[in-house]
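Q: Could you take me through the salt bridges in this one, slowly and pair by pair? I'd like the close-up before the overall picture.

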Amino acid sequence: MAVSYDKYYQTEDLFGKPYPELLEFMSEYPKDLNVLDLGCGQGRDAVALARLGYSVTGIDSSKVGINQMKRIGEAENLNLIGLVGDIYDFDNFVEYDIILLDSMFHFTIKDKKREIGLLKIIFSQIKNGSLIIVCIQDSGKKVQILNQTIESATEHIRLIDKKFKYIFKDQESNHTSESPYRMIVVKKQ
């Protein structure tokens, strides 16, 4: 998979700017926290959160994406670390106050068990008071599966369940598409 994203990420800022809904929530949250952005790609969210004052670590399998993110972080002197790796191999969630999973879950037949397993591991390892933020396409049964997994995982408080639209514009073809999305934020008790 990394090879295909390395190819796609030749186009800088492929997926555009972070969701305004995410930035609005995070801009009102305490900044002295450590954020882990799993599957950070080119750093769309990680860079924006570091600019807000968070200490951010982004992990992605694409070396091209991580290098783009690191260049921005270094040029702007941001508190931003980029790691090339498989998010399913990561096992140190306890160090982070906020775990961000933006467009990471698709819950296809091929990936469903692995994705649910990752979410359960995150819930089991994070500290009480830590947040999990999931931005997910609101189509099919994705949100239903996500909600079932969250409900079965551990004691938590649901802080946000917000619907929004994601508009993607392909820079090369000028094609625009719009998708329904949800941002779900839960706090482990």
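A: The structure holds 9 salt bridges, where a salt bridge is a side-chain nitrogen of Lys or Arg within 4 Å of a carboxyl oxygen of Asp or Glu. Before the pairs, a word on what you're looking at: this is a predicted model, in which local features need pLDDT of at least 70 and side-chain atom pairs count only at pLDDT 80 or more, while totals for chains, interfaces and linings use all residues. Residues are numbered from 1 along each chain as its sequence is written, and side-chain values use heavy atoms, with hydrogens and water left out.

Let's start with Arg-182 and Asp-161, whose side chains meet in a salt bridge at 2.6 Å, N to O. This pair links distant parts of the chain, as Arg-182 sits in strand β7 (residues 176-188) and Asp-161 in strand β6 (residues 156-169), 21 residues apart. Helices (H or I, at least four residues) and strands (E, at least two) are DSSP runs here, numbered from the N terminus. Arg-182 counts as buried at 12% relative accessibility, whereas Asp-161 is partly exposed at 35%. For those words, buried means under 20% relative accessible area, exposed over 50%, and partly exposed in between (1.4 Å probe, protein chains only).

Next up is Asp-97, which forms a salt bridge with Lys-127, the closest N and O atoms being 3.2 Å apart. Asp-97 lies in the loop between β3 (80-84) and β4 (98-102) and Lys-127 in the loop between α5 (112-125) and β5 (131-137), so the pair ties together parts that are 30 residues apart in sequence. Asp-97 is buried, with a relative accessible area of 17%, and Lys-127 is partly exposed at 33%.

Then there's Arg-44 with Asp-45, where the closest N and O atoms are 3.9 Å apart. Arg-44 is buried, with a relative accessible area of 18%, and Asp-45 is buried too, at 4%.

Now for the charges across the whole protein. There are 24 positive and 27 negative side chains, and the centres of the two sets lie 4 Å apart. In that tally Lys and Arg count as positive and Asp and Glu as negative, with His and the chain ends not counted; each charge is placed at NZ of Lys, CZ of Arg, CG of Asp or CD of Glu.

As for the fold around these pairs, the protein has 6 helices and 7 strands, in the order α-α-β-α-β-α-β-β-α-β-α-β-β along the sequence. Its radius of gyration is 16 Å, which agrees with the value near 16 Å for a compact globule of 189 residues; the radius is taken over C-alpha atoms, and the globule rule is 2.2 Å times the number of residues to the power 0.38. Buried residues make up 48% of the 189.

One last stop is the loop between β4 and α5, which holds Ser-103 and Phe-107. Ser-103 has a positive phi near 60° though not a glycine, and Phe-107, not a glycine either, has a positive phi of about 50°. Ser-103 is partly exposed at 23% relative accessibility, while Phe-107 is buried at 8%.
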